[in-house]
Amino acid sequence: MSEKINVTRSSMPSYEEYCECIKPLWESHWLTNMGQYHQHLEKKLQDYLGADYLSLTVNGHMALELAIQSMKFPYGSEVITTPFTFISTTHAIIRNGLVPVFCDIKEDDYTIDENKIEDLITEKTVAIVPVHVYGNPCNVEKISEIAHKYDLKVIYDASHAFGEKINGTSIADFGDVSTFSFHATKVYHTIEGGAVCCHSQKEYDRLYNLKNFGIRSEELVVSVGANAKMNEFSAAMGLCNLKHVDEEIEKRKKVVEYYRSLLEDTQGIRLNIYSKRVTPNYAYFPVLFDSKEIRDYIFEKLRSENIYARKYFYPITADQACFKNKFKLVDLAVARSCSERILILPLYADLEINQVKLIVACVKRCLNICMNDR
């Protein structure tokens, strides 16, 4: 086929809606430094996510990095985390002078294996940084129990879980803080952006200082900070997209349901399982194949037909070149196996039914070839 199908496509308001929204910026010339759109979006998202406090940032990575920094952990402390995530999660830990201790994952939902966390806790452990993978929430109850037992902080990377709920409770309500990415590829985006949800005014103030050089007034700087503020154009995009995000999620749900109707009885694959206690956002459509060889073959065949799936996450962060095999011998068998067999198929609100049919037909055709070659 000639038309390119990417793994995702950014949702956008109408051109006219966005232009109308940003028109006042040409009158005010106030483009950054917590302008009216920044303030308005912060309040709107706080309400939407059911957060006690919410601080906007320039992107999701800085949201996580500053959330960790705000905890003021001693240099060299250990943080238990998952290797099955985007590299940003691991970098945010290391850039804070902390040591990532990788815990294996569960194959059924790809999240950190809470039953293996306690064995990794030492006198140097200060926190757990779990990730809600593909919108599958971690076992928040068990992680909270462990954290309370050992007096550890819990910092959730909720980049994939915008708008989700567990038994009616917002995903933003769990842990000491939860961080979100509003990158253009996410279910909800502000072009680039992120947020930290926390539970106290004190934590919100620390985050404010960290993202704004510690500046509290023209003549008062109370602490050392960075520049991680969201600009007004991004905030305006966020305000526009927030009006349509529920509709976008509903469209994604229909695409996912159609995928599942075509693939659910297919031999040689395992589809993502949505927990009945979770209100999902249908962020991704992961498919787990029987082997790396099959996954890689299908990946290349899809690409030859202009269909761009993604090996997400491959390799696991612990095996990236920047660590020079430092974690090579760490027991991460499940994470490594899933990483070698996972493929994210294209998914976005406006993905057409005929496009889904083409994608599925290619996957099934390749699977049949692989099965017959065995």
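Colleague: Helices here are DSSP runs of H or I with at least four residues, numbered from the N terminus. In which helix is Leu-302 found?

Modeller: The model is predicted. In it, Leu-302 has a relative accessible area of 0%, so the residue is buried. The helix that holds Leu-302 is α9.

Colleague: How far is the C-alpha atom of Leu-302 from that of Val-360?

Modeller: Beyond four places in sequence, Leu-302 is in contact with several residues, including Leu-343, Leu-345, Ile-359, Cys-362 and Val-363. Leu-302 and Val-360 are 58 residues apart along the chain. Their C-alpha atoms are separated by 9.8 Å.

Colleague: What share of the contacts between residues at least 6 apart in sequence joins residues at least 24 apart?

Modeller: The protein chain has eleven helices and 15 strands. Its radius of gyration is 21 Å, close to the 21 Å of the globule rule for 374 residues, so the chain is as compact as a globular protein of that length. Of the contacts between residues at least 6 apart in sequence, the share joining residues at least 24 apart is 70%.

Colleague: What percentage of the residues in the protein chain is buried?

Modeller: The cut-off for buried is under 20% relative accessible area. The protein chain exposes about 17100 Å², with carbon and sulfur atoms supplying 50% of that area. Of the 374 residues, the buried ones make up 54%.

Colleague: How far apart are the centres of the positive and negative side chains?

Modeller: The protein chain has 44 positive side chains and 50 negative ones. The distance between the centres of these two sets is 3 Å.

Colleague: How many disulfides are there by the distance rule?

Modeller: A disulfide needs two cysteine sulfur atoms within 2.5 Å. For Cys-240, the nearest cysteine sulfur is that of Cys-21, 4.0 Å away, and Cys-240 is in no disulfide. Cys-322 is in none either, with the sulfur of Cys-103 nearest at 20 Å. The count of disulfides is zero.

Colleague: Is Asn-241 buried or exposed?

Modeller: Asn-241 is found in helix α8, residues 232-263. Beyond four places in sequence, Asn-241 touches Ser-11, Met-12, Pro-13, Tyr-188 and His-189. Its relative accessibility is 6%, so Asn-241 counts as buried.

Colleague: What is omega for the peptide bond that joins Tyr-314 and Pro-315?

Modeller: Most peptide bonds are trans. Pro-315 lies in the loop between α9 (292-304) and α10 (333-341), and the bond from Tyr-314 to Pro-315 is cis. Another cis bond joins Tyr-312 and Phe-313, with omega about 25°. For Tyr-314 and Pro-315, omega is about -10°.

Colleague: What is the phi of Asn-325?

Modeller: Most residues other than glycine have a negative phi. Asn-325 lies in the loop between α9 and α10 and is exposed, with a relative accessible area of 56%. Asn-325 is not a glycine, yet its phi is positive, at about 65°.

Colleague: Between which two elements does the loop with Asp-151 lie?

Modeller: Phi of Asp-151 is near 55°, a positive value in a residue other than glycine. Asp-151 has a relative accessible area of 71%, so this residue is exposed. The loop lies between α6 (140-150) and β5 (153-157).

Definitions and conventions. Residues numbered from 1 in each chain as written. Predicted model: local features only at pLDDT ≥ 70, side-chain atom pairs only at ≥ 80, totals over all residues. Heavy atoms only, no water. Rg over C-alpha atoms; globule rule 2.2 N^0.38 Å. Buried < 20%, exposed > 50% of the residue type's maximum accessible area, 1.4 Å probe, protein only. Contact = heavy atoms within 4.5 Å. Areas by Shrake-Rupley, 256 points an atom, 1.4 Å probe, with all protein chains shown as cover. Lys, Arg positive; Asp, Glu negative; His and termini not counted. Charge placed at Lys NZ, Arg CZ, Asp CG, Glu CD.
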